[in-house]
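The sequence and structure come first.

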Amino acid sequence: MSHRVLTGITTTGTLHLGNYVGAIRPAIEASRAPGVESFFFMADFHALIKCDEPDRIAHSSRSIAATWVAAGLDTNRVTLYRQSDIPEIPELTWLLTCVTAKGQMNRAHAYKAAVDAAVAAGEEPDAHVSMGLFSYPVLMAADILMFNAHRVPVGKDQVQHIEMARDVAQRFNHLFGRGQDLFVLPEAQVDAEMELLPGLDGRKMSKSYDNVVPLFEGGAQALKDAIARIVTDSKLPGEPKDPQGQALVTIYDAFATPEQRTAFRAALRAGLAWGEAKQQLFALIDGQIGPMRARYESLMANPAELEAILQDGAAKARAIAGPVLRQLREAVGLRPYTATATTATAKAEKAALPVFKQYRETDGKFYFKLLSAGGELLLQSDAFEQGRDAGQWVARLKREGWVADAPVQRSASDADIAAALAAFQDA
Ligand code: TRP
């Protein structure tokens, strides 16, 4: 399997420049690396935990999806979806909930913070705690484990959640894996970059400090207005200025080449007025995000186009989630009555079944083949650029049996191939 990276954003607001520099831009860059399979989603089930304003959630989801696409996410390469379009996720959440220790959830930072706040206010400890909030980390574990993500880029505040996902995965593997791992154990990836961008007042850029520079909302004017409000010292035009520790300079750096950084500092030391420095900062940022903003506005004005992209993403995601969940249901004992095999006989039967093999050749391309129970070659696939596409064809052939336009060469009679594929539908 290629290396899988997964990122979710809770849909309770719109994105600001800090989100772009800290999360979106690096994630899009990383998604272009060879051998990486990326998953991006709008965590709208998570939004319900914190927000009871339906219109806000709906707008936020649409705005965040449009932002990903406008910022350059290639949805042919990556999988972009809404969490709530994947019914396998809440189903997996339940399977995980049943192996999660309540004591471990009691220690979750978000829950403890809510309890501490209530106690400090003289209220019952659980006064403001819904079961959704309490179970938040289990839903998040399902997001990650559903797609067997290897790596999850997150801010520091989310690291504990990834550790919980690992623990739950480990426990599930141990209880139901029959010696084989059902889940990949995910790793948190915390980039220093994600924390860096200061807001207007020099503190970390964050909605809760009301110091954000909007990314696309409000157009170029809102960007200009926000930049005008960046706090500087009170040195006059012509006076030498110390670039060190200025939020304005740090924000500039996030968009500048090394040469531009040096030149900007030199100009400030030589007396560049803060007003002019702000104009330069605006020109720099708008030069990069201006074209993206145009695409964002067009996507926001044309919901059908965006919806189609998301439907496509949901189909791709479910092509992976469906087979995974079927295997998990089987593992925990949720089985059709016709599947009466005990573990021991299931193992014996497995040995006598045809198999799909997926592999990568020295040409760097991905292939699969279908072998009969006796090891005879039945199907040989054409080359795929993406391992995921090979995987999706395997999943589809297993699910639907023979598909007329499958990109494969047949090496056996149609009847033998059909019989071999039928074995997967019975399984
Ligand atoms: N809890 C994350 C946040 O608030 C959002 C999120 C939900 C997420 N599910 C996820 C992030 C899975 C990474 C992986 O930032």
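Predicted model: local features only at pLDDT ≥ 70, side-chain atom pairs only at ≥ 80, totals over all residues.

## Ligand site

The shell around the ligand has 13 residues, and those that come nearest are Thr10, His46, Tyr136, Asp143 and Gln158. Helix 7 (131–146) is one of the elements that supply at least two residues each, along with strand 1 (3–10) and strand 2. With four residues, helix 7 gives the most to this shell.

Asp143 has a polar side-chain atom 2.7 Å from a ligand nitrogen, and an N or O atom in the side chain of Gln158 is 3.0 Å from a nitrogen atom of the ligand. In the case of Thr10, a side-chain N or O atom is 3.2 Å from a ligand oxygen. On its own the ligand has 360 Å² of accessible area, of which the protein covers 88%.

## Nonpolar cores

The largest nonpolar core holds 56 residues; Leu17, Tyr20, Trp68, Leu80, Phe255, Ile285 and Ile289 touch the most other members. Elements that give two or more residues to this core include helix 1 (17–31), strand 2 (36–43), helix 3 (54–70) and helix 14 (303–332). Helix 13 gives the most, with eleven residues. At least three residues come from each of domain 1 (3–196 + 302–332) and domain 2 (207–289).

Which residues does Phe255 touch, leaving aside those up to four places away in sequence? They are Leu17, Tyr20, Val21, Arg25, Gln260, Leu284, Ile285, Gln288 and Ile289. Apart from this core lies another of 48 residues, with Ile86, Ala114, Leu139 and Ala169 among them.

## Two buried residues

Thr100 sits in the loop between helix 4 (88–97) and helix 5 (102–106). Is Thr100 buried or exposed? Its relative accessible area is 15%, so Thr100 counts as buried, the cut-off being under 20%. Beyond residues up to four places away in sequence, Thr100 touches Met105, Val138 and Val168.

Phe424 belongs to helix 17 (residues 414–426). Phe424 is also classed as buried because its relative accessible area is 19%, which falls under the 20% limit. Setting aside residues up to four places away in sequence, Phe424 touches Pro354, Val355, Phe356, Leu370 and Lys398. Leu353 is 71 residues from Phe424 in sequence, while their C-alpha atoms are 8.5 Å apart in space.

How values were computed:
Residues numbered from 1 in each chain as written. Heavy atoms only, no water. Core = buried A, V, L, I, M, F, W, Y, C linked by side-chain atoms within 4.5 Å. Buried < 20%, exposed > 50% of the residue type's maximum accessible area, 1.4 Å probe, protein only. Domains from an automatic or database assignment. Contact = heavy atoms within 4.5 Å. Near = heavy atom within 4 Å. Polar contact = N/O pair within 3.5 Å; in protein donor to acceptor, adjacent residues only side chain to side chain. Areas by Shrake-Rupley, 256 points an atom, 1.4 Å probe, with all protein chains shown as cover.
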